[in-house]
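Please keep the sequence and the structure in view while reading.

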Amino acid sequence: MSEFVAALPMYDWPEALGEVDAQWAQLRDAFRQKGIDAPKTIVRRNGDLPPAPGGILDAQGALIAPDPATLPADELDFHEIWLHPALLFAQACWGPMELGLSSHVQVVGQPSYDAYEGGQGELYSSALVMRAGEGPEVRSPAGGMALLPLDVIRGKRFTFNSLDSMSGIIALTRDLQAAGESLDIFSSRSESGGHRGSIVAVAEGRADLAAIDCESWALAQRFEPAARKVVTVGWTARRRGLPFITARTTPETTVRAMRDALAELAEQPLIQRVG
């Protein structure tokens, strides 16, 4: 049994579990070919994480996360995964990374978003969605610049997945600032808990606008009935997509081997290596 854990939680929708498992199998096998003891399966619940008696500590010995054994076993806390010393490989988000996570982990690589409207290579953007009929539908700009329909979104109720989300609120905040505006353009702001929840809230009339990263928007168009009631009225500018990370304690030789494995997978529409 591997001493490491891995997770791909960011796009792990119930309807896509098999696809996510297949993605991990491809990564796992590539890592094992490099001599890395990659775990057979990914973690999907706190109860799957190894215990950390006394809690998870940083390099200076300060407590940065509780012992996973003290958390609800059937729930999944992303920060527990990201900060766990046994983490071999996981998806994260540049929002939490900029807010301090980056000092506790190492970046291994970036995924490719070429398969999705709004994505290009390691860059992705967020679709701004509103209820059908409340704004003109637009496609993602070819150049990857922000497309903000200020007159359409002004005074609307904005919902977002979480305050630390790059795709859900931080990117839009920065694009509004570049246009001389702020989140005050909205009449209200509310936290939905997830991109899928944001789409449902807009479709059901509990909010008017949400920013959904392009891969989550593609998943919603496949699996979420509420997505049929909303349209894309704008886009945020393209930025780096979700980084693949490993624990700060992962040996340098293992990190290099994972990067080599990702580089060899780059011919397939899955991974792009970071320099």
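## A buried asparagine

Asparagine 161 has a relative accessible area of 11% and is therefore buried, where buried means under 20% relative accessible area, exposed over 50% and partly exposed in between, with a 1.4 Å probe and protein chains only. This is a predicted model, in which local features need pLDDT of at least 70 and side-chain atom pairs count only at pLDDT 80 or more, while totals for chains, interfaces and linings use all residues. Residues are numbered from 1 along each chain as its sequence is written, and side-chain values use heavy atoms, with hydrogens and water left out.

Asparagine 161 sits in the loop between β8 (157-160) and α5; helices (H or I, at least four residues) and strands (E, at least two) are DSSP runs, numbered from the N terminus. Its side chain makes a polar contact of 3.1 Å with the side chain of serine 165, a polar contact being a pair of N or O atoms within 3.5 Å, of which, within protein, one must be able to donate a hydrogen and the other to accept it, and residues adjacent in sequence count only if both atoms are side-chain atoms. Setting aside neighbours within four places in sequence, asparagine 161 is in contact with Gly168, Glu191, Ser192, Gly193, Gly194, His195 and Ser198, where contact means heavy atoms within 4.5 Å. Between the C-alpha atoms of asparagine 161 and serine 216, which are 55 residues apart along the chain, the separation is 12 Å.

On a 1 Å grid over the protein atoms alone, a pocket is an open set of points with protein on both sides within 12 Å along at least five of seven lines, a cavity is a set of points where a 1.4 Å probe fits but cannot get out, and lining residues have an atom within 4 Å of a point. The volume of the largest pocket is about 670 Å³, a volume being the space filled by probe spheres set on the points, with grid points joined across faces, edges and corners. Helix α2 (78-83) and α6 are the elements that give two or more residues to this lining, and α2 gives the most, with three residues. The lining divides into 12 nonpolar, nine polar and five charged residues; Ala, Val, Leu, Ile, Met, Phe, Trp, Tyr, Cys and Pro count as nonpolar, Asp, Glu, Lys and Arg as charged, and the others, Gly among them, as polar.

The structure holds one cavity of 30 Å³ or more, and the space in the largest cavity is about 30 Å³. Its lining consists of Tyr124, Ser125, Ser126, Met166, Ser167, Ala171, Thr236, Ala237 and Arg239, to which helix α5 (residues 166-178) gives the most, with three residues.

## Nonpolar cores

In the largest nonpolar core, which has 64 residues, Phe186, Trp217 and Ile245 touch the most other members; such a core is a set of buried Ala, Val, Leu, Ile, Met, Phe, Trp, Tyr and Cys residues joined through side-chain atoms within 4.5 Å. Helix α5 gives the most to this core, with six residues. A second, separate core of 20 residues includes Phe4, Val20, Ala257 and Ala261.

## Helix α7 and strand β11

Helix α7 (residues 214-223) has Cys214, Glu215, Ser216, Trp217, Leu219 and Ala220 buried, and these pack against β6 (123-124), β7 (126-131), α6 (195-203), β10 (209-213) and β11 (230-235). The N-terminal end of α7 is capped by aspartate 213, a side-chain oxygen of which lies 3.0 Å from the backbone nitrogen of glutamate 215.

Threonine 232 belongs to strand β11 and counts as buried because its relative accessibility is 4%. A polar contact of 3.3 Å links its side chain to that of tryptophan 217. Valine 231, also in strand β11, is buried at 13% relative accessibility.
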